[in-house]
Amino acid sequence: MEKGTRVRSTSPPDGGWGWMIVAGCFLVTICTRAVTRCISIFFVEFQTYFTQDYAQTAWIHSIVDCVTMLCGLGFALCYSPAIAMVGKYFSRRKALAYGIAMSGSGIGTFILAPVVQLLIEQFSWRGALLILGGFVLNLCVCGALMRPITLKEDQTTPEQNHISRTEKQDFKRVSPCSTLTKKWVHTCLCCSLQQEYSFLLMSDFVVLAISVLFMAYGCSPLFVYLVPYALSVGVSHQQAAFLMSILGVIDIIGNITFGWLTDRRCLKNYRYVCYLFAVGLDGLCYLCLPMLQSLPLLVPFSCTFGYFDGAYVTLIPVVTAEIVGTTSLSSALGVVYFLHAVPYLVSPPIAGRLVDMTGSYTAAFLLCGFSMILSSVLLGFARLVKKMRKTQLWFLAKESDPKLQLWTNGSVAYSVARELDHKDEQSVALTVPRYSPTRPVA
């Protein structure tokens, strides 16, 4: 008799071990996102040591950020699965859970920014990088906290399990070198990939993916050039690192408060709107940055940008889950963070080239600001078009048949006109008496 492992099938617990998953994800974001943000503090050290211009030096941060977001490379082996696990354990309080988990990026930036500056002064940039590498080894501890869970929608039926076992037995009987085996394997792989990544054909997800490209292009250069820009306007090294700390701690507040607010009943249905609102306001902050040329003016900028940066970072997994569902959330987040990687790779060098060509940061910051505003406008326009199409479809259906009623569930419409007509026929049949001929009386 074969020994089988029992797989627990449940709904998201919204607590319990889920809070340990949140704690693990919190530590993962500290060791990944916070560490990569602090690479910008090394920017001046790298530029001085290698005697390169802004564009060439920016490639260091770009490659680190790009590899972090690419699925299967670098930090992404820890980052993407940890984010997806939080979505598996939480449903009702998903935004709050993501807010706490993603706040590790802000807390880590707040703590690590002055510490990294101190390490550079004490041990040079080489020693500081070595110490950061040892700190990142704590990711192994975070991985030990990730306990898998099987949800009801993930559980396969006994019929599907029987079919799967039958296919495996058939596969063992067939010669591995036969053409039939290769075709069978190819068909199975194609069907599996088609089912796993079917969300790629959803119009809502395509719009989200395109907007992510513009958003990621705009958000990355600030964490590279905020410290050099502050130094260029007369701010000291310690004060420039302090700006990164302020940005990090306000990022925490944005993570948690926006996550808590969008879990409230009044805003739960408007998470999509809150997301594009936060992205758009970060773009507006970029447009104001070239006019801020002193520490008292840069501090409010760091507060505002940090808050809304934490807000939309929290809502990225939530908005993605609303579009594709929890079953495909892990794959969808992988695609979303993969799309982050391309702009993260090219945007800091492009911004650096603009700084080298113009001699100021104005053009670079304006391009980033307009990119984030375009991302927000694109999402808002797509949502408006979708709502107008639904309204138009409802009016057309109502005008074509007065008995036609329309219920919408996402993008699927169900017509019940035939059922109404069938009920009318039954009621007419009951009210009209049957005609039974009688014999004439002789």
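Predicted model: local features only at pLDDT ≥ 70, side-chain atom pairs only at ≥ 80, totals over all residues.

Tutor: On the α11 side, the residues involved are R271, Y272, C274, Y275, F277, A278, V279, L281, D282, C285 and Y286. They meet F301, T304, F305, F308, D309, A311, Y312, L315, I316, V318, V319 and E322 of α12. Sorted by class, the residues of this contact are 18 nonpolar, one polar and four charged.

Now the geometry. Two packed helices are described by the angle between their axes and the distance between the axes. Helix α11 covers residues 271-288 and helix α12 covers residues 295-324. Their axes are 8 Å apart, and the packing angle is about 150°. Angles over 145 degrees count as roughly antiparallel, so α11 is roughly antiparallel to α12. The crossing of the two helices is left-handed.

Some residues of this contact also belong to a group of rings. Y286, F301 and F305 are members of one aromatic cluster, together with F223, Y225, Y229, Y361 and F365. On the α11 side, Y286 is one of the contact residues, while F301 and F305 are among those on the α12 side.

Helix α12 has a further partner, helix α13, which spans residues 329-358. Here the angle is about 130° and the axes lie 10 Å apart. The two helices are therefore oblique to each other. The crossing of α12 with α13 is right-handed, whereas that of α11 with α12 is left-handed. From α12, the residues taking part are I316, P317, T320, A321 and V324. They meet L329, A332, L333, V336, Y337 and H340 of α13. This contact has nine nonpolar residues, two polar ones and no charged ones.

To return to the rings, the structure as a whole holds 18 aromatic pairs. One of them is formed by F199 and F205, whose ring centres are 4.9 Å apart and whose planes stand at 75°, so the pair is edge-to-face. F199 is buried, with a relative accessible area of 2%. F205 is buried too, with a relative accessible area of 2%.

Methods:
Residues numbered from 1 in each chain as written. Heavy atoms only, no water. Axes fitted to C-alpha atoms, helices over the stretch in contact; angles between N-to-C directions. Helix = DSSP H or I, 4+ residues; strand = E, 2+ residues; numbered from the N terminus. Parallel < 35°, antiparallel > 145°, perpendicular 65-115°, else oblique. Left-handed = near helix turned anticlockwise from the far one by under 90°. Contact = heavy atoms within 4.5 Å. Nonpolar A, V, L, I, M, F, W, Y, C, P; charged D, E, K, R; others polar. Phe/Tyr/Trp six-rings, centres within 6.5 Å; stacked < 30°, edge-to-face > 60°. Buried < 20%, exposed > 50% of the residue type's maximum accessible area, 1.4 Å probe, protein only.
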